[in-house]
Amino acid sequence: MAKMEVKSSLLDNMIGVGDMVLLEPLNEETFIDNLKKRFDHNEIYTYIGSVVISVNPYRSLPIYSPEKVEDYRNRNFYELSPHIFALSDEAYRSLRDQDKDQCILITGESGAGKTEASKLVMSYVAAVCGKGAEVNQVKEQLLQSNPVLEAFGNAKTVRNDNSSRFGKYMDIEFDFKGDPLGGVISNYLLEKSRVVKQPRGERNFHVFYQLLSGASEELLHKLKLERDFSRYNYLSLDSAKVNGVDDAANFRTVRNAMQIVGFMDHEAESVLEVVAAVLKLGNIEFKPESRVNGLDESKIKDKNELKEICELTSIDQLVLERAFSFRTVEAKQEKVSTTLNVAQAYYARDALAKNLYSRLFSWLVNRINESIKAQTKVRKKVMGVLDIYGFEIFEDNSFEQFIINYCNEKLQQIFIELTLKEEQEEYIREDIEWTHIDYFNNAIICDLIENNTNGILAMLDEECLRPGTVTDETFLEKLNQVCATHQHFESRMSKCSRFLNDTSLPHSCFRIQHYAGKVLYQVEGFVDKNNDLLYRDLSQAMWKAGHALIKSLFPEGNPAKVNLKRPPTAGSQFKASVATLMKNLQTKNPNYIRCIKPNDKKAAHIFNESLVCHQIRYLGLLENVRVRRAGYAFRQAYEPCLERYKMLCKQTWPHWKGPARSGVEVLFNELEIPVEEYSFGRSKIFIRNPRTLFQLEDLRKQRLEDLATLIQKIYRGWKCRTHFLLMKKSQVVISAWYRRYAQQKQYQQIKSSALVIQSYIRGWKARKILRELKHQKRCKEAATTIAAYWHGTQVRREYRKFFRANAGKKIYEFTLQRIVQKYLLEMKNKMPSLSPIDKNWPSRPYLFLDSTHKELKRIFHLWRCKKYRDQFTDQQKLVYEEKLEASELFKDKKALYPSSVGQPFQGAYLEINKNPKYKKLKDAIEEKIIIAEVVNKINRANGKSTSRIFLLTNNNLLLADQKSGQIKSEVPLVDVTKVSMSSQNDGFFAVHLKEGSEAASKGDFLFSSDHLIEMATKLYRTTLSQTKQKLNIEISDEFLVQFRQDKVCVKFIQGSQKNGSVPTCKRKNNRLLEVAVP
Ligand SMILES: Nc1ncnc2c1ncn2[C@@H]1O[C@H](COP(=O)(O)OP(=O)(O)O)[C@@H](O)[C@H]1O
Ligand SMILES: [Mg+2]
């Protein structure tokens, strides 16, 4: 299966533009904006064509990992986002594969990240080039040369805690396979003034601090040093400690690195001895001393320090002491000695220290070179890495800045030359018509400085060599004369000056218009620094030293080789080395890294636009873009171009069969890109304007989206269809299973129903049979039973007489008979008397005879009563009848009744027949007299009573006077309607008469009698038998009587006992008659 390869491009996911060449519109503002935008997104690298701009992030970014190295390894330059590794890879591969020597030029101001960049390049190359023990050792030595050089050549400055104070160029040499063989390091212009004096906030070179912090006590003692920075005049104290820097640890690292690089122990020791000597030189102090001839003279204050230095370096103390006091000038075989005053002595001391240190540094570089130099003589491929200070524009610019800026002018010049050359070569190679490019050529400035006859450096040398008084002012005057008309030179003093009134230009200065901007140089110190004078006495003293290293550092001190010619000035030395460097670089393929410092605070995330703008200006980056863009802004090989844009045209999408170039032609035609916008080279397409490229990119992006949509569409369709098919298939399976299941279920239902029906029918049948069988069985049983009973009856009938059970009944009946017999016989003997009131009756002997016993008692009583009644005569029967009547009428109704029971009813109490008194009366009455008795008649008016004879006959009731026997009243019984009496124990009673009758004219009668019960009973019986009507007898304690017309109420009350037992009667008023009953 073909592996799908996704080609990425710089153009993918760009933040801003990855290549400034593509910037539209191009001006300073957009340039800075683009840098800032990328910086804010941690994209610190940006291209200008093949130049890498690097903005110092001031913090570690995760973009240098071994994985990143692998990412960039063997990838095309434009394939990934801009990176220093891409440039390193490009350089290395071009060196290895195309046999082109390379140089990597890193520029930028102090703290912009040059040294870091050079280390990154070296580490990348080390990581990707060949492997193996030998190769690794070479690599290690090359890499370890850095810490040694940094310890001696770097220092903390206000701009950078690890600022390189020298320019460095390192050639790394490779064999034909690309394996490293070794290297050569060149150093430029160490800032040696730092040894004796440092600006505020800065330090001396690291090695001094490292030595004092990290050396063992023993080593310090040996070097006659003390672990105290403040003891040494040459060490600045205000920033002796640097944050985040461990000097002691670094010292060990440096010692270790020296060992790896190949320093012998004694060599390392000698180096430290020289360092110690330099340090101690600073402590030598002078005092003035007057001599007789009036010349100023100086004297060393404390010779102890001097003594120690001499011990350390094995110099004769006297020789050194003399060298600090005298200066010998030799001219034409003559020696003239002059004394040094204090200032001169200090100058000499500092000059010695500076020289000692800078020569030591050069020696170190050479020594390292010796170690790392390639061992073979075969032809080598070379990659040069130049880490040199960039353009410097300070407030006060002096000789050093002048030299540095000169170097940068030269670098710019070769950059332009090489860029243009490369551009031109490419055009030729690609067979594209060359169009002339307008650009600023700085050759004229280089000429102003380096011209051998009237260049500034040449004139400075001339001044320095001129006999007579030479000062910085005379030098400036000379410049003013010679360069007055030069376009790029400006000075207030020059004749016919255009700047006579320019106040920004002080008198002691001159100004040069560098390609990167105008720089004002203070002329002071130029002559001295150019001379770089070390008195011959001192160099001779040094040569005489017993210390081999020091001796070798001052070869001019050898009297045998005395050379009267002045040593070359600093300026001319530098010019020469720059020239060599340029020559060297010109033979190589250049790669540029332009470092930019985003802020002055060494702080992350801060992007100071004005600071960056300044750097962009003097680095000439815009110029750089313009040169690069002069012809065509963008070019790309046909294959990747077609690969990237083929989806924009039907013919090329998805595959183009023919050659890539014709594919691109078809594509561009189809897209109707104006012909003047592009050209076809041999292997590349050239696009004039970035706009066109971006149009292409936009189209591509749009098209990619469409394609993505298409893919998405097809994928979704496919997914839905697959899903649908699956569902359909599943549905069929499910329905099949379901149908089967349903059928099964239905079948089972039918089956079970059939079973149920079957079982019912079977049950029914079985029950039917069972019933029949049972019936048959019962019939059989019944027949059997009947037969059995029948037989039983027969048998019992036959055998009954023999049954014991019948005996019981007979015995029972017999016993019962006997008991009854006995009971009756006993009763006969126990009979009670025949008196009806006798309550005795024998007790019952057996419970079962209870009813019989009671019946017998009743019958006996009735019989006894009958017997008793049968004894009575008719007379007696009558009396008892009357008594019975009275009982029925009054018993329990009238309280008087009980007392009457015992009295026999006599009726005729008065013996009228016999008493003559009543003869007349007797005669008047023909009928039979039933009652004759005296009663008290109550007077109706007053209640008083009078005695009367009360007579009752069969038909009448008569009242007669007791005395005379004269009849007073006669009332037929039919006129008597009612008799009233009280319920109490009195004998009062009222006889009510029928209203309207004759007898009733005077009203009802009210009587009182001792035989009330008898009289009332007889009256009742007589009335009943005569009139066949029941006389109404009212028993009440209050009743009404009719007196003439009035109705009077008779009321019985409870009277007092004082009148005895006789009731009294009183007429209360018309309506009431009160009877008081005792
Ligand atoms: N690529 C980088 N990544 C992280 N820090 C960096 C990088 N480049 C520079 N720095 C920081 O900036 C400081 C100064 O860098 P350096 O290379 O010494 O500057 P120069 O050599 O230009 O004076 C370094 O010490 C380091 O802290
Ligand atoms: Mg540096």
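**Exercise 1. Is Arg466 buried, exposed or partly exposed?**

Solution. Start with the model. It is predicted, so local features need pLDDT of at least 70, side-chain atom pairs count only at pLDDT 80 or more, and totals for chains, interfaces and linings use all residues. Residues are numbered from 1 along each chain as its sequence is written, chains are lettered from A and ligands numbered from 1 in the order in which they are written, and side-chain values use heavy atoms, leaving out hydrogens and water.

Step 1. Buried means under 20% relative accessible area, exposed means over 50%, and partly exposed lies in between (1.4 Å probe, protein chains only).

Step 2. Read the value. Arg466 has a relative accessible area of 31%. Arg466 is therefore partly exposed.

**Exercise 2. Follow the salt bridges of Glu463.**

Solution. Step 1. Define the contact. A salt bridge is a side-chain nitrogen of Lys or Arg within 4 Å of a carboxyl oxygen of Asp or Glu.

Step 1. Take the Arg466 partner. The side chains of Arg466 and Glu463 form a salt bridge with an N to O distance of 3.0 Å. Glu463 is buried, at 3% relative accessibility.

Step 2. Take the Lys478 partner. Here the N to O distance to Glu463 is 3.8 Å. This pair links distant parts of the chain: Glu463 sits in helix α15 (residues 456-465) and Lys478 in helix α16 (residues 472-482), 15 residues apart. Helices here are DSSP runs (H or I, at least four residues), strands are runs of E (at least two), and both are numbered from the N terminus. Lys478 is buried too, with a relative accessible area of 18%.

**Exercise 3. Which helices does the salt bridge between Arg644 and Glu697 link?**

Solution. Step 1. Check the contact. The side chains of Arg644 and Glu697 meet at 2.8 Å, N to O.

Step 1. Arg644 is in helix α23 (residues 638-645) and Glu697 in helix α25, 53 residues apart. Both Arg644 and Glu697 are buried.

Step 2. Widen the view. The structure holds 62 salt bridges. Arg165, Glu191, Arg194 and Glu202 are linked in a network of them.

**Exercise 4. Which protein atoms are donors of the magnesium ion (ligand 2)?**

Solution. Step 1. Set the cut-off. Donors are N, O and S atoms within 2.8 Å of the metal (3.2 Å for Na, K and Ca); water is not among the atoms, so sites may look incomplete.

Step 1. List the donors. They are OG1 of Thr115 and OG of Ser164, 1.9 to 2.1 Å from the ion. Thr115 lies in helix α4 (residues 114-128) and Ser164 in strand β5 (residues 163-164), so the pair ties together parts 49 residues apart in sequence.

Step 2. Check the accessibility. Thr115 is buried at 17%. Ser164 is buried at 16%.

**Exercise 5. How many residues surround ligand 1?**

Solution. Step 1. Count the neighbours. There are 15, and the closest are Asn56, Gly111, Lys114, Thr115 and Glu116. A residue is near a molecule if one of its heavy atoms lies within 4 Å of it.

Step 1. Find polar contacts, which are pairs of N or O atoms within 3.5 Å; within protein, one must be able to donate a hydrogen and the other to accept it, and residues adjacent in sequence count only if both atoms are side-chain atoms. An oxygen atom of ligand 1 lies 2.6 Å from a backbone N or O atom of Gly111. For a backbone N or O atom of Lys114, the distance to an oxygen atom of ligand 1 is 2.8 Å. Thr115 uses a side-chain N or O atom, 2.6 Å from an oxygen atom of the ligand.

Step 2. Read the burial. Alone, ligand 1 exposes 550 Å², and the protein buries 84% of that. These areas come from the Shrake-Rupley method with a 1.4 Å probe; for residues, only the protein chains shown count as cover.

**Exercise 6. Locate two cis peptide bonds and two positive phi angles.**

Solution. Step 1. Take the cis bonds. The Glu24 to Pro25 bond has omega near -15 degrees, and Pro25 is in the segment before α1. The bond joining Trp653 and Pro654 has omega of about 0 degrees. Pro654 lies in the loop between α23 and α24 (660-670).

Step 1. Take the phi angles. Lys224, not a glycine, has a phi of about 55 degrees. Asp892, also a residue other than glycine, has phi near 70 degrees. Asp892 is exposed, at 74% relative accessibility.
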